[in-house]
Amino acid sequence: MQINVFNDWFSLGHLVLGLLTPISLLFFLGFLLYELVEFMYKKPKGKEKVEDFLGDLFEFMFGAGFSTLFLSAVGFPKLF
């Protein structure tokens, strides 16, 4: 299976939310809840594929991982 990464303009939003996640876990919870609801709503209609859903999660996790590594590299203390 090949996932679709950065395939639309919403991908930038997923990345930005991931970048903000080390500041507050609410960004993670909100994103995850939104993605699950969106997938459950669009999947039966054929508008959302599993590859797109996994790609959205990957984009978010990429942003979260990058910002966490960056903050730890510049010496910020753990935020949570």
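## Basis of the description

Helices are DSSP runs of H or I with at least four residues, and they are numbered from the N terminus. Residues are numbered from 1 along each chain as its sequence is written, and side-chain values use heavy atoms, with hydrogens and water left out. The model is predicted, so that local features need pLDDT of at least 70 and side-chain atom pairs count only at pLDDT 80 or more, while totals for chains, interfaces and linings use all residues.

## The loop between α2 and α3

Gly 46 has its place in the loop between α2 and α3, and at 59% relative accessibility Gly 46 counts as exposed (over 50% relative accessible area, whereas buried means under 20% and partly exposed lies in between, with a 1.4 Å probe and protein chains only). The C-alpha atom of Gly 46 is separated by 31 Å from that of Leu 20, the two residues being 26 apart along the chain.

## Helix α2

Helix α2 covers residues 25–42, and its 18 residues should span 26 Å at 1.5 Å a residue, which agrees with the 26 Å between its end C-alpha atoms; the expected span is 1.5 Å times one less than the number of residues. The buried residues of this helix are Phe 31, Glu 35, Glu 38 and Phe 39. Seen down the axis of α2, these buried residues fall within an arc of 95°, so they line one face of the helix, the arc being that of the directions from the helix axis to the C-beta atoms.

On the other side of α2, Leu 26, Leu 29, Leu 33, Met 40 and Tyr 41 are exposed. The cover over the buried residues of α2 includes α1 (10–20) and α3 (50–73). At the N-terminal end, α2 is capped by Ser 24, which places a side-chain oxygen 3.2 Å from the backbone nitrogen of Leu 26.

Ser 11 is found in helix α1 and is buried, with a relative accessible area of 1%. Its side chain makes a polar contact of 2.9 Å with the side chain of Asp 8 (a pair of N or O atoms within 3.5 Å; within protein, one must be able to donate a hydrogen and the other to accept it, and residues adjacent in sequence count only if both atoms are side-chain atoms). A polar contact of 2.9 Å also joins the side chains of Ser 11 and Glu 59.

His 14 likewise belongs to helix α1 and is buried at a relative accessible area of 8%. The side chain of His 14 makes a polar contact of 3.5 Å with the side chain of Asp 56. Neighbours within four places in sequence aside, His 14 is in contact (heavy atoms within 4.5 Å) with Phe 31, Glu 35, Asp 56, Glu 59 and Phe 60.

## Gly 55 in helix α3

Gly 55 lies in helix α3 and is buried, with a relative accessible area of 0%. When residues up to four places away in sequence are not counted, Gly 55 touches Ile 3, Asn 4 and Val 5. The C-alpha atoms of Gly 55 and His 14 are separated by 9.9 Å, although these residues are 41 apart along the chain.

## The largest pocket

The largest pocket has a volume of about 260 Å³. Of the 14 residues that line this pocket, Asp 8, Phe 10, His 14, Glu 38 and Asp 56 are the closest to its centre. Each of α1, α2 and α3 supplies at least two residues of the lining, and α2 gives the most, with five residues.

On a 1 Å grid over the protein atoms alone, a pocket is an open set of points with protein on both sides within 12 Å along at least five of seven lines, and lining residues have an atom within 4 Å of a point. Grid points are joined across faces, edges and corners, and the volume is the space filled by probe spheres set on the points.

How values were computed:
1 Å grid on protein atoms, 1.4 Å probe; cavity = no way out; pocket = protein on both sides within 12 Å on 5 of 7 lines; lining within 4 Å.
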